[in-house]
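Reader: I have a model open and a few things to ask about it. Can we go through it piece by piece?

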Amino acid sequence: MQDIKPLLVFAAVLEHGSMQGAARALGMTPSAVSQHITRLEKQHRVRLLYRSTRRLAPTEAGLLLGSQCARLRQTLLDTQAALENLQTEAMGELHLALTSINAALPQLHRTLQRLREEYPGIEPVLHFDDRLADLQQGGIDIAIRGGDRALDAPDLVARHLVTWRWQICAAPNYLARHAPIERPAQLHEHAWIYCLPVHTVLQRGAESHVLDVGHGIRCSQMAAVPPLVLAGLGLSMQLSGDIAVPVAQGRLAVVLPDWLLPTISLYAVTPHRVQSAKVAVALRILQESFAESG
């Protein structure tokens with residue numbers, strides 16, 4: 001069988017736009033990358049790249065070959081993933097994608113503790129980012145996602161973990177400095193802490209109130225909101241599961257508890273493929289850990 005390495009090198013050159021970029025990505029020298037391209041051109045008697053001191057661009061033949069090389073590279077990556085998924089022993093790195101606020105979840109803590117005790121061969125790698133992780137390209141095994149974002153692609157599988165309700169909360173010392181909040185209309189008068197502007201509907205029986213909040217302290221990360229609220233700087237809208245512990249401890253209070261806000265479901269999301277032993281184990285423990293919280 002013909003050596004496919006020059007084809008993979010060519011795919012990397014087109015992907016990164018230069019010999020130097022491909023060399024860095026492949027762990028090779030630029031000279032070695034250039035030799036592979038030259039070998040391809042000589043072997044098939046076709047020019048694949050226009051080279052100059054300022055730019056490198058594929059010829060028409062290079063574009064045609066490049067699309068096939070990219071498909072070959074993806075096929076090899078998929079094959080490697082399939083081989084890893086054939087492992088029957090739960091071991092190796094387990095890459096989890098979570099939002100920044102998930103770091104405080106007791107359910108995550110229980111999951112990590114059980115993995116450490118029951119499957120010491122698994123090494124969790126936690127990727128905290130409030131942006132949506134790309135499970136197909138980013139090397140992520142499992143992502144914890146909420147709401148409709150969990151089901152946004154047909155090539156993903158979402159497993160339900162828990163359904164929580166949004167709640168408005170504040171620290172007792174903040175509430176003590178202000179008049180009692182007895183009606184939803186009063187919420188607009190208060191300081192707020194949020195990542196995204198609040199737009200939701202509160203309901204109590206047949207009554208409803210539209211809440212729009214875009215003023216106060218805006219945070220770039222979700223994890224920054226809870227400590228600022230605990231410090232007594234304002235109100236926030238958080239999920240019931242995220243604030244269950246500080247509410248039980250009396251460090252946070254739910255505002256207007258008889259008015260209901262929408263719910264949101266959390267899911268463990270994986271690429272649509274046969275799961276390796278380590279991923280299957282982590283999914284089971286995640287679901288059990290969230291089930292314990294109800």
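Predicted model: local features only at pLDDT ≥ 70, side-chain atom pairs only at ≥ 80, totals over all residues.

Reader: What is the mean pLDDT of the protein chain?

Author: The mean is 88, and 91% of the residues reach 70 or more. pLDDT is the predictor's confidence in each residue, from 0 to 100.

Reader: Where is confidence lowest, and where highest?

Author: Lowest in helix α4 (residues 60-85), at a mean of 79, and highest in strand β12 (residues 253-255), at 98. Helices (H or I, at least four residues) and strands (E, at least two) are DSSP runs, numbered from the N terminus.

Reader: Next topic. How much space lies in the largest pocket?

Author: About 860 Å³. On a 1 Å grid over the protein atoms alone, a pocket is an open set of points with protein on both sides within 12 Å along at least five of seven lines, while a cavity is a set where a 1.4 Å probe fits but cannot get out; lining residues have an atom within 4 Å of a point. Points are joined across faces, edges and corners, and a volume is the space filled by probe spheres set on them.

Reader: Which residues line the largest pocket?

Author: There are 29, of which W166, C195, L196, M222 and M237 lie nearest its centre. The elements giving two or more residues to that lining are β5, β7 (193-194), β8 (198-204), β11 (236-239) and β13 (263-271).

Reader: And by class, what is in the lining of the largest pocket?

Author: It divides into 17 nonpolar, seven polar and five charged residues. Ala, Val, Leu, Ile, Met, Phe, Trp, Tyr, Cys and Pro count as nonpolar, Asp, Glu, Lys and Arg as charged, and the others, Gly among them, as polar.

Reader: Now helix α5. Which of its residues are buried?

Author: Q107, L108, T111, R114 and L115 are the buried ones in α5. Buried means under 20% relative accessible area, exposed over 50% and partly exposed in between (1.4 Å probe, protein chains only). Seen down the axis of α5, these residues fall within an arc of 130°, so they line one face of the helix. The arc is that of the directions from the helix axis to the C-beta atoms. R116 and E117, on the other side of α5, are exposed.

Reader: What lies 9.5 Å from T111, C-alpha to C-alpha?

Author: R284, 173 residues apart from T111 along the chain. R284 is in helix α9 (residues 277-293) and is partly exposed, at 32% relative accessible area.

Reader: Last one: R45 and L256, buried or exposed?

Author: R45 is exposed, with a relative accessible area of 79%, whereas L256 counts as buried at 7%. R45 has a positive phi of about 55° although it is not a glycine, and phi of L256 is near 50°. R45 lies in the loop between α3 (30-44) and β1 (49-51); L256 is in the loop between β12 and β13.

Terms used
Residues numbered from 1 in each chain as written. Heavy atoms only, no water.
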